[in-house]
Amino acid sequence: MGITNSNKVLSADRMDCDGSLRVTLALTAAPDIITNPTDIALVLDRSGSMTGAPLASMKTGAKTFIDIIAEATGGTAAGEIGSGSHIGIVSFADTAVQNTQMITSVDTLKNAVDALTAGGNTNHADAFTKAVELFDPSSANAKVIVMFTDGNTTTGAPPAPVAAAARAQGVIIYCIGLVGSDGVDVNTLDEWATDPSASHVAVTPDAAELEELFAELAANISKTGATNIVINEKVTSDFVITSILNPSVGTATMLDSTSLRWNIAQLGVTSPESATLEFFVRHVGQNPGTKLVNESIEYTDAEGNLVVFPEPTVSVECDVVVNPESCPVPADLTVDGCSDSVVVDLGDTYLESLGRIIQMDVTVKNVCPGKRVALAVLLSEVDESGMEYQRGMKAITIPAHNFPTCRDVLVKCIKFVVPESLDVSGGSTQVMCNPRNFKVRFIAHNIDTDFRCCESVLTL
């Protein structure tokens, strides 16, 4: 099944020009068996050579196998194999017995395994025959036989032709061999199993390892969703990555200020599994607008899953800036290398009066789109007794903005020149650079309005 979901989410759909937001990458993978239901015939050797520890270890391994398949198929808490898959139990000695049909009840399957007792010869041909008979020919499910044995055939027909006939019908055969008193023939298991034998045959001389072999086989049958995942994320030049949180699965590394890499060894091994990565970005662009955060995001894994992440956008709102007064035009001046001094005539400039320049910024709140604003700035100076003296007034027209909502407008660099000869802050002491006290008042009003006077109506 592979990757079942991929997502990319931003923590906000709007942000300030120098703001930050959280980006969340999410990935979910599930074993292949969830979308490709499989019917599994678990064929277990209960011949006399299995008496004692081998039988006990086999039962433990078989029940572990059942649990893993149940979990991989999204089985319920009540112990059901899910997603349309089934398991059936066949055991064999002198002859083979169908201990269960193809069912989903985990408890019933485990009880059938626990009830097995050892004794008798080894009839592999009948075991294959009874296993094939469990499958429903009309079912579209994949069909798998898991043959466990600890010895060679000692009774019944030759099993190789029966196994070959099963493979010809599309049945996949796995073999697990325990080197017991009969000395299981690995070459024979290779002959029965589906090619390649390296991934379909496992043999151990130690009964204690059977549980691990059954578990590995169950994982192989269910098929991990994805392995060796690499995700390369690169944000656009309008953003920088400021920090990365530890992902829920795998590791993440910042490659540079605009890119990162997320590595996940495996995801969705025995059941559906999700992984998330959170990182923070800051807007460093100068212009407002609706922007993509990621420039590119590349995904690869060992299974070749094709994964596409969404491309969410964020609306960046930068302050409206008005500069009502331009700075003086500069005069060009060049100083030659190794010159200690330079004399240059830069033309004339006019001194209105000796004084100070007061430059101020003001933010006009909640200016709605399409509305020009008239702004009045009144400057006064305050003497020691609290009396105010007018020092200037400016009227400024703020052009309309076209943002979709009302917003603040920053008016920058409003300048007043205050002559020193008018200094009243210092009382009778008139000295150069005396501290001076001022008050500033702002009056702002919309120029554009829908208001109209009512027409006069003449009545008698």
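This is a predicted model: local features need pLDDT of at least 70, side-chain atom pairs count only at pLDDT 80 or more; totals for chains, interfaces and linings use all residues.

Reader: OK, and which side chain meets Glu-381 in a salt bridge?

Author: Arg-391, at 2.9 Å from N to O. Glu-381 sits in strand 20 (residues 373-382) and Arg-391 in strand 21 (residues 388-398), so the pair ties together parts ten residues apart in sequence.

Reader: Is Arg-391 buried or exposed?

Author: Buried, because its relative accessible area is 16% and the cut-off for buried is under 20%.

Reader: What about Arg-436, which residue does it bridge to?

Author: Asp-423, with the closest N and O atoms 3.7 Å apart. Both Arg-436 and Asp-423 are buried. Shared partners link Arg-356, Glu-381, Arg-391, Glu-420, Asp-423 and Arg-436 into one salt-bridge network.

Reader: How many salt bridges are there in the whole structure?

Author: The search finds 18. Another one of them pairs Lys-63 with Asp-114 at 2.8 Å, N to O. Lys-63 is in helix 1 and Asp-114 in helix 2, so that bridge ties together parts 51 residues apart in sequence.

Reader: Switching topic: how much space is in the largest pocket?

Author: About 190 Å³. Its lining has 13 residues, and the closest to the centre are Val-144, Ile-172, Tyr-174, Ile-221 and Lys-223.

Reader: What classes of residue make up that lining?

Author: Six nonpolar, five polar and two charged. Strand 7, strand 8, helix 6 and helix 7 each supply at least two lining residues.

Technical notes:
Residues are numbered from 1 along each chain as its sequence is written. Side-chain values use heavy atoms; hydrogens and water are left out. On a 1 Å grid over the protein atoms alone, a cavity is a set of points where a 1.4 Å probe fits but cannot get out, and a pocket is an open set with protein on both sides within 12 Å along at least five of seven lines; lining residues have an atom within 4 Å of a point. Grid points are joined across faces, edges and corners, and a volume is the space filled by probe spheres set on the points. Helices (H or I, at least four residues) and strands (E, at least two) are DSSP runs, numbered from the N terminus. Ala, Val, Leu, Ile, Met, Phe, Trp, Tyr, Cys and Pro count as nonpolar, Asp, Glu, Lys and Arg as charged, and the others, Gly among them, as polar. A salt bridge is a side-chain nitrogen of Lys or Arg within 4 Å of a carboxyl oxygen of Asp or Glu. Buried means under 20% relative accessible area, exposed over 50%, partly exposed in between (1.4 Å probe, protein chains only).
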